[in-house]
Amino acid sequence: MNFIDINESFPVQIGDFIIYCEKFKSSGVKNFSEQNTVSGDEVITNSGKKAVRITFSGRICSENPLEFLVSMNNMMYSNENLNIEYKNTIFGKCHVQSFVVDDENKGYISATVTLLALEVSVKGVELS
């Protein structure tokens, strides 16, 4: 017997708005500094982890959904840290990096928001 898993949108609070997330993507990067020795061997001299990039794509449904555009634009100028919860994962100390808003005159807007998160943890679990 085959089961088809139907995923419904998942509500995610970002600032004062809820994005009904239909797609989530995350990535992490660690940069390395490399040098060559006199004999031509490679040596890693330093490294540094970058913030985790998280992207939510979905719908904004509110009385005036274009207020989301104004809110995200203002958050990009702010140094305020956001904590975002998605499916029992907490992304802490987030900052809005980018957003895209698409209004097709349907009573909601499609939106994509990319945030940088300095902390990632599982809700209710202390990681060491």
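**View 1. Strands β2 and β5 in the predicted model.** In this predicted model, strands β2 and β5 run antiparallel and are joined by eight bridges. Among the paired positions, Ser27 has Arg53 in β5 as its bridge partner. Strand β2 covers residues 17-27, while β5 covers residues 52-60.

**View 2. Strand β5 and its pairing with β8.** Besides its bridges to β2, β5 pairs in the antiparallel sense with strand β8, which spans residues 109-122, over nine bridges. Within this pairing, Thr55 stands opposite Thr114 in β8. Because seven of the nine residues of β5 are buried, this strand is largely enclosed by the rest of the structure.

**View 3. The surroundings of Phe17.** Phe17 lies in strand β2, and its relative accessible area of 11% is under the 20% limit, so this residue counts as buried. When neighbours within four places in sequence are left aside, the residues in contact with Phe17 are Val12, Ile60, Ser62, Glu67, Phe68 and Ser71. Pro65 is 48 residues from Phe17 in sequence, yet the C-alpha atoms of Phe17 and Pro65 are 9.1 Å apart in space.

**View 4. Val38 in the loop between β3 and β4.** Val38 is found in the loop that links strand β3, residues 30-36, with strand β4, residues 42-49. The relative accessibility of Val38 is 91%, which is over the 50% limit, and Val38 therefore counts as exposed. Pro11 is 27 residues from Val38 along the chain, and the C-alpha atoms of Val38 and Pro11 are separated by 56 Å.

Note on methods:
Residues are numbered from 1 along each chain as its sequence is written. This is a predicted model: local features need pLDDT of at least 70, side-chain atom pairs count only at pLDDT 80 or more; totals for chains, interfaces and linings use all residues. Side-chain values use heavy atoms; hydrogens and water are left out. Helices (H or I, at least four residues) and strands (E, at least two) are DSSP runs, numbered from the N terminus. Buried means under 20% relative accessible area, exposed over 50%, partly exposed in between (1.4 Å probe, protein chains only). Contact means heavy atoms within 4.5 Å. Two strands pair if DSSP finds at least two bridges between them.
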